[in-house]
2 protein chains.
Amino acid sequence: MKALEEKIKREGTVLPGHVLKVGSFLNQRVDTIFLAKMAKETKRLFKGIKITKVLTVEASGIAFATAVAMALKVPMVFAKKHPSANVSGEQYFSPVYSFTHKTTYDIAVSKEYISSDDCILITDDFLANGNAIKGLIDIVHQAGATVAGCCAEIEKGFQGGGDEIRKMGYKMESLAIVENMSDTEIEFRGEKK
Amino acid sequence: MKALEEKIKREGTVLPGHVLKVGSFLNQRVDTIFLAKMAKETKRLFKGIKITKVLTVEASGIAFATAVAMALKVPMVFAKKHPSANVSGEQYFSPVYSFTHKTTYDIAVSKEYISSDDCILITDDFLANGNAIKGLIDIVHQAGATVAGCCAEIEKGFQGGGDEIRKMGYKMESLAIVENMSDTEIEFRGEKK
């Protein structure tokens, strides 16, 4: 999505440790007019594929998942990272290693929120090593449901997670794929130098 | 909002400890068609009031805040409960006591995401003792910005937080106010018995 690539170049900042900071429009502060455009583009990318639910993981994935689910007119479900006292009943769990926080945590979804006849679009804001999305794929399989596909707003192509998910046979779309980044330049996949 | 009251009666469950479980449509699993209606109603309730940003707190407040901000065509900002390694620069903090988790945590918003000329609508999914919304009001004041008003999807009227915020002089709207609840019955404010 060319408009997203341009926005990342204009408003994104590269921090030490291959951190791409896009909090000003993508996660902590969300440009909702642009979000609606990204949701529309996601709907287009998965046109013709049956989707009954959108699944993401808290917290920064929720805004995008909500907008995509609103565009598709299906429910949005998010996995919790910190299972709460308010969650009753049985849950599906999957362990996820976070490179950002350097720790493994469980992501959890109540069993009642996914059923075996669901066709699920998995979305997230960022895709780097792909561990969060792989954990969500694991949960969809535990529920006996179908993975309709996966979509990230921004994929860090050089970290390989997206390509691993593609090799696993899933339709994995990303609205922008960063192939290389330095303090001074961000290069996208397929972009002519 | 009558449709929300009916939905709570139909799909909500009362758990021990005055916990109203509405995860099946309001937070962990979000009915996005209904969410769009709640966002439209919120827009109507604040018609004529200048709003430049919607502010909430992660994680379960994000879906509603996103939908409201999309309806108003303004940015959505969320406060973090667990300040992340990815947040650079200075932040506004406010301590919030959670009755659910029986602990005090800081909520934090990067200073760059709120400016003194902002008119901010504060939203959340639930309002009980009002501590989260009061923390967000504190952050808006720290930024020198204006509180345009506050809106919760569901207020537990019997816990008093909403009325305290009204007494403080803020326009505090809730789409449904639960006045009493037991295992067998949920009664809304203004509802004829």
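This is a predicted model: local features need pLDDT of at least 70, side-chain atom pairs count only at pLDDT 80 or more; totals for chains, interfaces and linings use all residues.
Helices (H or I, at least four residues) and strands (E, at least two) are DSSP runs, numbered from the N terminus.

B:Lys7 is buried, at a relative accessible area of 6%, whereas B:Glu11 is partly exposed, at 29%. Buried means under 20% relative accessible area, exposed over 50%, and partly exposed in between (1.4 Å probe, protein chains only). B:Glu11 also forms a salt bridge with B:Arg10, with 3.8 Å between the closest N and O atoms; B:Arg10 is exposed, at 58% relative accessibility.

## A salt bridge between chains

B:Glu112 and A:Lys21 form a salt bridge, their closest N and O atoms lying 3.0 Å apart. This pair crosses between chains, from the loop between strand S7 (103-110) and strand S8 (119-127) of chain B to strand S2 (residues 19-21) of chain A. A:Lys21 is buried, at 13% relative accessibility.

## Network and total

In chain A, a network of salt bridges links A:Glu155, A:Asp163, A:Arg166, A:Glu179 and A:Arg189. Over all chains, the count comes to 30 salt bridges.

## Confidence and conventions

Chain A averages a pLDDT (the predictor's confidence in each residue, from 0 to 100) of 92, and 95% of the residues score at least 70. The model has an ipTM of 0.93 and a pTM of 0.94.

Residues are numbered from 1 along each chain as its sequence is written, and chains are lettered from A and ligands numbered from 1 in the order in which they are written. Local features need pLDDT of at least 70, side-chain atom pairs count only at pLDDT 80 or more, totals for chains, interfaces and linings use all residues, and side-chain values use heavy atoms, with hydrogens and water left out.

Definitions and conventions: A salt bridge is a side-chain nitrogen of Lys or Arg within 4 Å of a carboxyl oxygen of Asp or Glu.
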